[in-house]
Amino acid sequence: MIKLIEKGVYYKDGKLVRAKSFDQSAREKTISYKILSAHNFSGNDKKLCAKFDEITSHDITYVGIIQTAKASGLEKFPIPYTLTNCHNSLCAVGGTINEDDHVFGLSAAKKYGGAFVPPHLAVIHQYMREMRAFCGAMILGSDSHTRYGALGTLAIGEGGPELVKQLLGRTYDVDMPEVVAVNLKGRLRKGVGPHDVALALVKATFKSGFVKNRILEFVGNGIKTLSMDFRNGIDVMTTETTCLSSVWITDEKTKKYYEQHERVGAYKELRPEEGAYYDRGIVIDLSKVEPMIALPFHPSNAYTIRDFLSRPYELLKEAEEAGKKLLPEGKGEFRLTDKIKDGKVYVEQGVIAGCAGGMYENVAEASEILGDTAINNNDFTLDIYPSSQPVYKGLVDGGYIGKLMDNGAIIKTAFCGPCFGAGDVPQNNGLSIRHTTRNFESREGSKPANGQLSAVALMDARSIAATAKNGGAITSAMDEEYSNKIKKYRFDNKIYKARVYNGVGKQNLDSALVYGPNIADWPKMYALKDNLLLKVVSVLNDPVTTTDELIPSGETSSYRSNPLKLAEFALSRKDPAYVQRAKDVRDGAFPKELGLDESTTTYGSVVCSIKPGDGSAREQAASCQRVLGGVANIAKEYATKRYRSNLINWGMIPFLADKNDFEVGDYVYVENVKSAIENGAKEFKAKVFGKNTRTITLKMDELTDAEKQIILKGCLINYYKN
């Protein structure tokens, strides 16, 4: 099904041919290289300083971004900035604070010259696909699933401070990434959907880091067999491979997509030149892809449904044991093996939603699979969130919405909640199958610290519909007889023209920002002194720590615009004592018993872990630590570039250590850290004070000159202010 090629390859005659040697001139023939070079302002194609064509954010991040940019000297949005509200989470929680953020966003779009998409109108990535992406462009988003590669746009998801840099006319600095060719060949069988292809790709690449921080470039004759909805559905999931970005060959189907969305000028043909060189290769035989299921608690924990149903107890038991480790000792229980009844595996809920699942073709084909079958099993529910109001209207016009309602499905508006724990939280010990992007622990909204735990398995909309048709018994769509011929979708832009505020380039600096009582400024952050003393306040020994574990999503997101209140939730599901320990360091006295010079030593807290930062791009995973007095992280490696960048932009040092053998309460002292960073040091001698007092070597990957100064100044805000 999927073949990985670790060495370089050439793209010739629609196939990948192993390279015997590296060829720089042939590397320049890739789509990725040409787009990156066109946006590079460094004069050095190995060290990129990129400027993006557009940026975009949703309402979990845009207030903090605008507040940071404002504190750093923002005068207007220099490039198109689209503010969406698809994370308009839990509007019944926290009184007025969610809608206050939306009002702030609209006032910012009016003042600085941006676009504002009201709540429930579209999820961020669907709107950007429909209205803003264009061939050859680069778009930066403050959401990790910023991916418009199937539309010829090289899009990257990063933390908010990287968007701040773009708003201030600065650049996105990164080494020229390696490019991986993804050669699609063959034709899919009926019943196989985009999520099946995506989960197979994630399974094949995630754990080994095969494409980490690289760009995936989709090529091959199999592309022409895929619709644009199908391509977009695969593309958005490339985030879960930990790649940096993605881009696809464009063709007549891409052109028709832009024509359909009244943006003919956005299209141009993109394809690699014959003989283009790629650093690695992946071959996906579409004809061999089967319906997939990703079991808790990661999209890479994937199996074919056929394989899963052949040994459900074994695989569910593994997930069950992983879940039990999330619960505090003696508090709550977690079961999955009880889903097996009479040789079948039953689930309680199905959800088709968001930027991955809520597209027209997914919902329409799900309807065809359901046919006239009523979902009359009270133990199973099916909820569907079309990805935008135009998609919703298209499904209404095609008769699909009425038919799904007759089936017993619940139809909701465009909202990302099921993807990050703010919608359709299953019951305790429940298992939900979802065509959404993630199934991390607690991502569906459960609270293990309170003894509550449910879980999500990812599946394609087609197999979710087949499961609904069979009373909640997990079923492959390939086992169902149905017609996959669906009615043609017709996009209606009147919906956006009636509701979207499009003030791009029309700033009114006399217009006032509208602040609600929960919108707060960032607290003062201090420059780094000559020496550094860290107190270990949390040690995490999981193989990977996600950003959701560092700062949980769900109802905590209601406090996204108040740094101090949001920080109260940091590590609450993973290490509930962390916040108070960090505060004790931030607000407590300098430990004079160590005999160090307080006047020349920065004192702060540190979180030690194995591999932090997988998952969401939300900078709050770092900024909350900083607000609580954090000055560094120590890790064996960082899961993503974006999390490491978030640490740096909030003035935190991304140290590396060979071992995570620290204990809570240890002190780590680094002498002359300021001068070492100034001089580009990659190794730092440090002394650990604790039960096992010792000298260690901390390491750090190379910093750019700007990154050095950001850390030395204490954060991005201080850097630009000065």
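Residues are numbered from 1 along each chain as its sequence is written, and side-chain values use heavy atoms, with hydrogens and water left out. Since the model is predicted, local features need pLDDT of at least 70 and side-chain atom pairs count only at pLDDT 80 or more, while totals for chains, interfaces and linings use all residues.

Six strands make up an open sheet with mixed pairing, in the order 9-8-5-6-7-25. Its edges are strand 9 (154-157) and strand 25 (501-502), each of which pairs on one side only; two strands pair if DSSP finds at least two bridges between them. Inside this order, strand 5 (residues 54-57) and strand 8 (residues 138-141) run parallel and are joined by three bridges. Ile55 sits opposite Leu140 of strand 8.

Strand 4 (residues 47-50) pairs with strand 10 in the antiparallel sense, over four bridges. Here Ala50 stands opposite Tyr172 of strand 10. Tyr172 belongs to the covered face of strand 10 (residues 172-175) together with Val174, whereas Asp173 and Asp175 make up the uncovered face.

Next come the nonpolar cores. A nonpolar core is a set of buried Ala, Val, Leu, Ile, Met, Phe, Trp, Tyr and Cys residues joined through side-chain atoms within 4.5 Å. Buried means under 20% relative accessible area, exposed means over 50%, and partly exposed is in between (1.4 Å probe, protein chains only). In soluble globular proteins, nonpolar side chains tend to be buried together. The largest core in this model has 170 residues, and the members that touch the most others are Tyr81, Leu184, Phe218, Leu382 and Ile474. Helix 13 (residues 360-370) supplies the largest share of this core, six residues. A second, separate core holds 37 residues, among them Val537, Leu540, Leu550 and Phe590.

Helix 21 (residues 578-587) has five names on its buried list: Tyr578, Val579, Ala582, Lys583 and Val585. Seen down the axis of helix 21, these buried residues fall within an arc of 160°, so they line one face of the helix; the arc is that of the directions from the helix axis to the C-beta atoms. An α-helix has 3.6 residues a turn, so residues three or four places apart point the same way. The partners that the buried residues of helix 21 pack against are strand 26 (531-539), helix 20 (563-567), strand 28 (601-609) and helix 22 (620-627).

Now for the rings. Rings of Phe, Tyr and Trp (its six-membered ring) pair if their centres lie within 6.5 Å, and planes under 30 degrees apart count as stacked, over 60 as edge-to-face and the rest as tilted. By this rule, the count is 21 aromatic pairs. Phe22 and Tyr277 form an edge-to-face pair, at 5.2 Å centre to centre and 85° between the planes. Phe22 lies in the loop between strand 3 (15-18) and helix 1 (24-27) and Tyr277 in strand 14 (residues 276-278), so the pair ties together parts 255 residues apart in sequence. Phe22 counts as partly exposed because its relative accessibility is 48%, and Tyr277 counts as buried because its value is 7%. Phe590 and Tyr603 form another edge-to-face pair, 5.6 Å centre to centre with 70° between the planes. This one links Phe590, in the loop between helix 21 and strand 28, to Tyr603 in strand 28, 13 residues apart. Both Phe590 and Tyr603 are buried. Ring pairs also link Tyr10, Phe22 and Tyr277 into a cluster.

Some rings have a charge over them instead (NZ of Lys or CZ of Arg within 6 Å of the ring centre and within 35 degrees of the ring normal). The charged end of Lys51 is over the ring of Phe41, 5.3 Å from its centre, and that of Lys203 is over the ring of Tyr303, 4.7 Å from its centre.

Methods
Helix = DSSP H or I, 4+ residues; strand = E, 2+ residues; numbered from the N terminus. Contact = heavy atoms within 4.5 Å.
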